[in-house]
Amino acid sequence: MDLLKRLMGSASSASAPQQDAVKLSPEARLIQGAFWMLLGREAQPIELRDELRALHAGDRQAFFLRLLSSTEFRQGLAAWKAGRSRRPDVQREDAALRALGPDDWFVDRAYEFLVGRPADDEGRRHYVAALAAGDSRSNVLRWLSLSEEFERRHQDLSAQGGFIPRDTQLCELANPAKWDNPDWMTVLLDLKVVPADKASMHRKGYEFTQLIFGLGRLGRLREDVRVLSVGAGHEAVLYWLANHTGSVTATDMYEEGRWDAIGAMEGDERVIHRPQEYAPFPYREDRLRFLKMDGRRLAFRAASFDVAYSLSSIEHFGGVAGAADAVDEMVRVVKPGGLLVLATEYLLSGPPHEEIFRPDEIHALARRPGLRLLQPIDEAVYRRYEYGVVDLVKNRFQTPHMVLRMGDTVFTTVMMFLERE
Ligand SMILES: C[S@@+](CC[C@H](N)C(=O)[O-])C[C@H]1O[C@@H](n2cnc3c(N)ncnc32)[C@H](O)[C@@H]1O
């Protein structure tokens, strides 16, 4: 007899409805009972083998804990909470549950497995009577699983069960890991401007979403927050922020020529007069204004805003010096304790370019007077990833669109969240 059969009392592939007919060892019966009661299915032979070994080693507590902590149990519980059955074949499940033993035995085990204590007389009487009156055994399990007592126990044992670790870094290179963060993805979807699937990932969507995600985590999505955007064009995020903050002021040169003619026509001046025509969704029109203004000479008094940000713009203001002038101006117009958020081009490899900053130039921008980086920049993102590079000259529409090249110069976005000291 092989090990599996020996452990199972010669019933290695018996399904639970047949358990009365074949002889299972008491431990194997306990395991099959617990699988049916907690997961709604029989234990597979290999599961039975391994759990029997654990039980023989005296690890009964760990056995129940393992089942109660499993994703499978959690999903079944969620289905019950949502008013659905936990398995598609309820009749098969009920037949298997009925085959486990008499009603009072079943109720006692249900208490033991779920609530972790012996059934009290009143509880046992109540559920045995319900079964005698025709209620199903899976209903008894569902009621117990939805009881306050079980809820408390489950919370205590597994409060964060199912919480998948997620990337929340704010200061970083455009990071594909964010597409695996459900909170971040909720924002991306809400922006409605770029497809949300991973194969379409785009650093534009990354910048918009990361800005909002960061402002949310830093507690700045509030009605009393005044926001300034520099080199704003008609970016979708302006309209989103108009719906979630007190006011948004969009500034840009909006000059005829380069920026109103190419690509997404970001510098299109018509947005000043007809902002609604660029809105991706309805927005609070009284919260958003567009002003023609040079980012290096902001026409606002000191400490006028709570947040100032600039996405993919300062690199076009005249090299590092132009970018530094704009950052200094943003520092001036933001209140102490306020936030600056900057997204700009970061050189990964290859020869320098006037509009793509080397890492040391990025660090120098982050160290402008009056500024403090909120966390070290994660600059190792593309040392961890295998990735494709978009050749902007050949085809700038290729996706994923996270790392780009112009000639031999390879670059991506860097995102920085800084506090105004
Ligand atoms: C690549 S676009 C980015 C626009 C927008 N932030 C976005 O992400 O869609 C760069 C923008 O910078 C603006 N710009 C260029 N020089 C500027 C300056 N000195 N001051 C303000 N805006 C400027 C352009 O008009 C253009 O709209």
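What share of the contacts in the chain with a separation of 6 or more comes from residues 24 or more positions apart? That share is 64%, where two residues are in contact if their C-beta atoms, placed from the backbone, lie within 7 Å.

Keep in mind that this is a predicted model: local features need pLDDT of at least 70 and side-chain atom pairs count only at pLDDT 80 or more, while totals for chains, interfaces and linings use all residues. Residues are numbered from 1 along each chain as its sequence is written.

Now the layout. The C-alpha trace spans about 85 × 45 × 40 Å along its principal axes.

As for secondary structure, the chain has 18 helices and ten strands, read as DSSP runs (H or I, at least four residues, for helices; E, at least two, for strands) numbered from the N terminus. The radius of gyration of the chain is 30 Å, well over the 22 Å that the globule rule gives for 421 residues, so the chain is more spread out than a compact globule. That radius is taken over C-alpha atoms, and the rule is 2.2 Å times the number of residues to the power 0.38.

How about confidence? On pLDDT, the predictor's per-residue confidence from 0 to 100, the chain averages 93, with 93% of its residues at 70 or more. Strand β5 (residues 305–311) has the highest mean, 99, and helix α1 (residues 3–7) the lowest, 43. Over residues 1–21 pLDDT stays under 50. Where pLDDT is low, the predicted coordinates should not be read in detail.
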